[in-house]
Amino acid sequence: MLSSASILFVASLFAALPVQADGIYTKNSPVLQLNAQTYNSLIAKSNYTSIVEFYAPWCGHCQSLKPAYEKAAKNLDGLAKVAAINCDDDENKPFCGQMGVQGFPTLKIVTPTKKAGKPRVEDYQGARTAKGIVDAVVDRIPNHVKRASDKDLDKWLGQDEERPKAILFTEKGTTSTLIRALAIDFLGAIDIAQVRNKETASLKKFGVTEVPALVLIPGPDAEPKIYEGELKKKPITEFLSEAAKPNPDASGRAASDSKPKPKPKKKSKPASKPTSVADEPDINPTASQDQETTEPSSKPAHVPIPAPPIPTLSTPESVEASCLAPKSGTCVLALLPGASEPDAALPQPATDALASLADIAHKHAQRGAHLFPLYAVPAINSGSAILRDALGLAADDAHSVELIALNARRGWWRRYSAEEFGAIAVESWIDAIRLGEGTKEKLPEGIIIGAEAETTEPVADAETAEAEDAEEKTAEHDEL
């Protein structure tokens with residue numbers, strides 16, 4: 001829970017933001033757009049798992065996230081809610097502060113609990129990709145589907161007799177995302193169960209000869225109906241609606257249009273962007289919805305303390321021990337340029353690269369999230385020149401900095417190829433490495449000290465794009 005001082009500080013930061021900025025999501029976006037009131041009705045009181053982005057339109061990280069976030073919203077359509085709230089809007093600033101937002105973008109996963117209107121709120125700390133977001137949200141979708149067998153199916157059918165029932169007969173032992181989503185759509189209106197095809201007495205009872213099969217029992221005296229349509233959410237929903245209507249919350253969009261019309265924008269000189277919000281790592285403690293909102297303070301925005309620098313491997317032995325031993329895992333190395341004496345100023349690209357790596361390492365450390373080690377390797381007495389030569393990289397000069405990732409145990413390496421070393425680009429590169437995405441090259445023979453690599457990973461296909469992963473994930477969701 002945030003202290004009063006913390007809330008006061010956050011409120012003062014939001015007070016310094018530009019006035020009434022337009023959001024980055026259009027009316028046609030698959031992302032739900034919220035304010036404090038619609039958050040309560042659409043998210044907090046919902047039966048659905050949601051992910052909510054707290055953002056500012058001028059935030060570069062937020063703009064970079066938009067394509068992946070909208071892709072996640074499309075893939076989760078009908079399964080969970082993907083929403084956003086513009087913390088640059090004056091009316092939303094107190095609420096964003098109350099929710100513990102300290103950096104942009106902040107993503108929070110909201111999962112319903114047994115206490116209505118009191119969901120569990122947790123920070124999303126995964127990859128800022130459509131696949132990462134979809135996977136995290138799907139893992140938190142509640143399961144209201146009864147797992148029944150020959151022994152207890154009749155007992156289940158006898159509970160709340162007047163309420164319609166639906167049974168999915170399947171060969172699968174797991175409950176698919178699609179049937180879980182349907183159970184949420186019809187929660188309290190139709191009870192849904194899942195029965196394995198090995199429960200032969202149950203299959204015979206309802207005349208099921210092939211699986212998957214969906215059977216609807218409209219009422220205690222009604223004849224069961226076997227669904228014969230396509231195994232997709234929309235036609236199945238129409239079939240089940242013959243017995244009962246889905247919850248009003250099932251669409252998730254009607255109430256989102258209830259946002260009050262924005263007041264005319266005031267003409268005022270925009271405040272300078274507060275670095276303490278825009279550039280601070282996304283360290284966002286989960287906030288209670290019952291926290292009080294403190295009035296904004298007139299104190300100036302606080303400038304954050306810089307992240308501690310990443311460790312330096314200053315000798316060939318330290319590089320070998322940390323990253324080039326036969327069992328060494330993934331390391332990221334910043335090969336620094338030129339005759340880099342301890343007190344000599346580094347060129348700007350190298351400074352940017354080190355600052356970006358320090359911010360990324362600090363962010364993960366604050367979150368308690370695992371990240372492979374990041375090291376700086378100076379040009380003098382460190383083996384940097386040997387690595388550059390072995391990997392076919394440019395020789396040391398006054399300006400050349402190289403970011404590489406390598407895994408001695410698996411026998412691969414990868415080079416950062418962008419010209420700029422800003423935090424967004426570097427973090428995207430590191431996220432791709434964490435997810436196993438992108439092209440990897442085989443480490444040259446002799447670079448691993450003492451032995452050959454245990455195994456060699458095949459070089460990843462550069463055409464394996466995140467879009468394909470998202471489509472595959474969607475296909476999994478549609479399967480019963």
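This is a predicted model: local features need pLDDT of at least 70, side-chain atom pairs count only at pLDDT 80 or more; totals for chains, interfaces and linings use all residues.
The chain has 480 residues, and 49% of them are buried. It contains 15 helices and 15 strands. Of the contacts with a separation of 6 or more, 78% join residues 24 or more positions apart. The accessible surface of the chain is about 23,400 Å². Carbon and sulfur atoms contribute 51% of that surface.

A search of the whole structure returned 2 disulfides. A disulfide is a covalent bond between the sulfur atoms of two cysteines. One links cysteine 87 and cysteine 96, with the sulfur atoms 2.1 Å apart. The torsion about this S-S bond is about -90 degrees, so the disulfide of cysteine 87 and cysteine 96 is left-handed. Both of these cysteines are buried. The other disulfide joins cysteine 323 to cysteine 331, at an S to S distance of 2.3 Å. Its torsion is about -95 degrees, and the bond between cysteine 323 and cysteine 331 is therefore left-handed. Cysteine 323 is buried, with a relative accessible area of 0%. Cysteine 331 has 1% relative accessibility and also counts as buried, because the cut-off is under 20%. Counted along the chain, the bonded cysteines follow the pattern 1-2, 3-4.

Two further cysteines were examined for burial. Cysteine 59 is buried, at 3% relative accessibility. Cysteine 62 has a relative accessible area of 0% and is buried as well. Cysteine 62 is among the buried residues of helix H3.

Helix H3 covers residues 60–75, 16 residues in total. From its first C-alpha to its last it reaches 24 Å, close to the 22 Å expected at 1.5 Å a residue. H3 bends by about 40 degrees at lysine 66. A proline, proline 67, follows within four residues of the bend. The buried residues of H3 are Cys62, Leu65, Ala68, Tyr69, Glu70, Ala72, Ala73 and Asn75. An α-helix has 3.6 residues a turn, so residues three or four places apart point the same way.

Tyrosine 25 and tyrosine 69 form one that is tilted, with 6.2 Å centre to centre and 50 degrees between the planes. Tyrosine 25 lies in the loop between helix H1 (4–15) and strand E1 (32–34), whereas tyrosine 69 is in helix H3, so the pair ties together parts that are 44 residues apart in sequence. Tyrosine 25 is buried at 5% relative accessibility. Tyrosine 69 is buried at 0%.

Another pair joins tyrosine 416 and tryptophan 429. It is edge-to-face, with 5.4 Å centre to centre and 75 degrees between the planes. Tyrosine 416 sits in the loop between strand E14 (412–415) and helix H14 (423–434), and tryptophan 429 in helix H14, so this pair ties together parts that are 13 residues apart in sequence. Tyrosine 416 counts as buried at 4% relative accessibility. Tryptophan 429 counts as buried at 7%.

Ring pairs also link Tyr25, Tyr55 and Tyr69 into a cluster.

Technical notes
Residues are numbered from 1 along each chain as its sequence is written. Side-chain values use heavy atoms; hydrogens and water are left out. A disulfide is a pair of cysteine sulfur atoms within 2.5 Å. Buried means under 20% relative accessible area, exposed over 50%, partly exposed in between (1.4 Å probe, protein chains only). Helices (H or I, at least four residues) and strands (E, at least two) are DSSP runs, numbered from the N terminus. The expected span of a helix is 1.5 Å times one less than its number of residues. The bend at a residue is the angle between axes fitted to the seven residues ending there and the seven starting there. Contact means heavy atoms within 4.5 Å. Accessible areas come from the Shrake-Rupley method with a 1.4 Å probe; for residues, only the protein chains shown count as cover. Rings of Phe, Tyr and Trp (its six-membered ring) pair if their centres lie within 6.5 Å; planes under 30 degrees apart count as stacked, over 60 as edge-to-face and the rest as tilted.
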